[in-house]
Amino acid sequence: MNLLGQVKTTIKKHSMLYEGDRVLIGLSGGPDSVCLLHALNNLKDEYKLALHAIYIDHGLRPDEIPVEIEFCKTLCENLGVPFITKSVDVKSYALDYGLNKQEAARELRYKAFDETSLEINANRIALAHNADDQAETFFMRILRGSGQRGLTGIPPVRGKIIRPLIEIERKNIEEFLDSISQSFIVDSSNLKKDYFRNWLRLAVMPEFKKQNPALINTISRVCEIIREEDNYLELIVTKTLMKLIPKKTDKLIELFLVPLENMDMVILRRVLRRAIDAVKGLRGIGFVHIEDIIELVKKGDSGDRIYLPKGIRVIKGYSTLILTSEQPSQLRTYSLNVPEELALKESGILIKSSFADSAEISCDGKSKVMIDAEMIKLPLVVRARKSGDLFYPFGFGKRKKLQDFFVDEKIPRDERDSIPIVLSGNDIVWIVGYRADERFKVTEDTEKILMLEIKPLR
């Protein structure tokens, strides 16, 4: 089968084009994109296509770009295809977002494709990735430790993006261009081994092909098989996730624990990845972090948590697993008189203060305490912890750093700033919900008793 026949077969196989489509073609002047332009132009009448071509100027090779633009412009004029150029500032974008030039160029290039397709009302964006690109991507991802999803390679279709040359080898593309006497531009950056893909293409792939001359075709088939299996697993994951999510926001997602704890690892990894991808604030969690989350799900105790980059926390609750990038609120400073009720929205509790008639009322020292009212100064102060805080834990007998107390009590560090501390002057009276101070305890000589208790804020 000749190249144009192969392209047509690929288009039909993956349902890339329909009659009347408006197609924006990425054109660099290289052999692949030039071949793509010819192939789609050849199919223009059959599919009644409206074609446009676009050249993206990345601003990285100023000496070569004018020649490339002129070449692409002339080619499009000869074929009767409208030609568009757009410029992007790769260097500034890379600096602003901490990316390397290749990553920045790719993001800006796809952004330009999307914007231009909207401007000209194109419902397809045709890119010239070929079977060699597919094989190179496969090996790159193996070397980087990708999972099955990564090994599916470059998708033939993704949204409005189509890749009609994805099953055609580079050598066949160049043979086709030679057969129609069509010249093309060679991008000098593609000849440098500085970039990972170029090193793989120029130094490694030729050695692989010596062992297996049909390597490119073999890898294309492998990617297709993995892609089909991946699509099947993703269908299972979609059905599973629908039953797992009680709550989701832009920064948080909760998943029911019992199904997760008993889930097969193959599905569990995918469920977690899909859940994370669905929440904007969780982007950036990598494969190694997924394994840490699985360890927490399978072996962690209720209340255990892990801290991931970018302020992301994963918390194992009683019935749900919480993944969130929301940061706990810092408790403000309040005054508390007697009798009075003080609502602490940051902590989700209400502190109630009152005078008690006797010390006979049951107090657990955590949610309710009694202190010697004659030992305190009103109003009391309620605030978050501060560096250097010290107190005398009830029943402990000696002074202790608040930081050490929190550590001993295994209070998660992300919750410590929302725990209210009640003070009389500069002295801690009560670590709300945990321990009162020995110095303010009620004794036989106490004549006036102050009772402090907490209730959930509704």
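Modeller: Arg439 is partly exposed, with a relative accessibility of 33%. The model is predicted. The partner of Arg439 in a salt bridge is Asp427, and the closest N and O atoms of the two are 3.6 Å apart. This pair links distant parts of the chain. Arg439 sits in the loop between strand E21 (435-436) and strand E22 (449-456), while Asp427 belongs to strand E20 (residues 427-431). The two are 12 residues apart. Asp427 is also partly exposed, at a relative accessible area of 35%. Elsewhere, salt bridges with shared partners build one network. Its members are Asp132, Asp133, Glu136, Arg170, Arg201 and Lys209.

Next comes Asp417. Its side chain meets that of Arg385 in a salt bridge, at 2.8 Å from N to O. Here, too, distant parts of the chain are linked. Asp417 lies in the loop between H13 and E19, and Arg385 in the loop between strand E16 (380-383) and strand E17 (390-391). They are 32 residues apart. Both ends count as partly exposed: Asp417 has 25% relative accessibility, and Arg385 has a relative accessible area of 24%.

Then take Glu415. Glu415 pairs with Arg305 in a salt bridge, with 3.0 Å between the closest N and O atoms. Glu415 is in the loop between helix H13 (402-408) and strand E19 (421-424), and Arg305 is in strand E9 (residues 305-308), so the pair ties together parts 110 residues apart in sequence. Glu415 is partly exposed, with a relative accessible area of 28%. Arg305 has 16% relative accessibility, so it counts as buried; the cut-off for buried is under 20%.

Both partners also line a pocket. Glu415 and Arg305 are among the residues nearest the centre of the second largest pocket, together with Gly303, Ile315 and Pro412. In total, 19 residues line that pocket. Strand E10 (312-316) and strand E11 (320-324) are the elements that each give two or more residues to the lining. E10 gives the most, with three residues. By type, the lining holds eight charged, six nonpolar and five polar residues. The space inside is about 490 Å³.

These pairs belong to a longer list. Across the whole structure, the search finds 31 salt bridges.

Note on methods
Residues are numbered from 1 along each chain as its sequence is written. This is a predicted model: local features need pLDDT of at least 70, side-chain atom pairs count only at pLDDT 80 or more; totals for chains, interfaces and linings use all residues. Side-chain values use heavy atoms; hydrogens and water are left out. On a 1 Å grid over the protein atoms alone, a cavity is a set of points where a 1.4 Å probe fits but cannot get out, and a pocket is an open set with protein on both sides within 12 Å along at least five of seven lines; lining residues have an atom within 4 Å of a point. Grid points are joined across faces, edges and corners, and a volume is the space filled by probe spheres set on the points. Helices (H or I, at least four residues) and strands (E, at least two) are DSSP runs, numbered from the N terminus. Ala, Val, Leu, Ile, Met, Phe, Trp, Tyr, Cys and Pro count as nonpolar, Asp, Glu, Lys and Arg as charged, and the others, Gly among them, as polar. A salt bridge is a side-chain nitrogen of Lys or Arg within 4 Å of a carboxyl oxygen of Asp or Glu. Buried means under 20% relative accessible area, exposed over 50%, partly exposed in between (1.4 Å probe, protein chains only).
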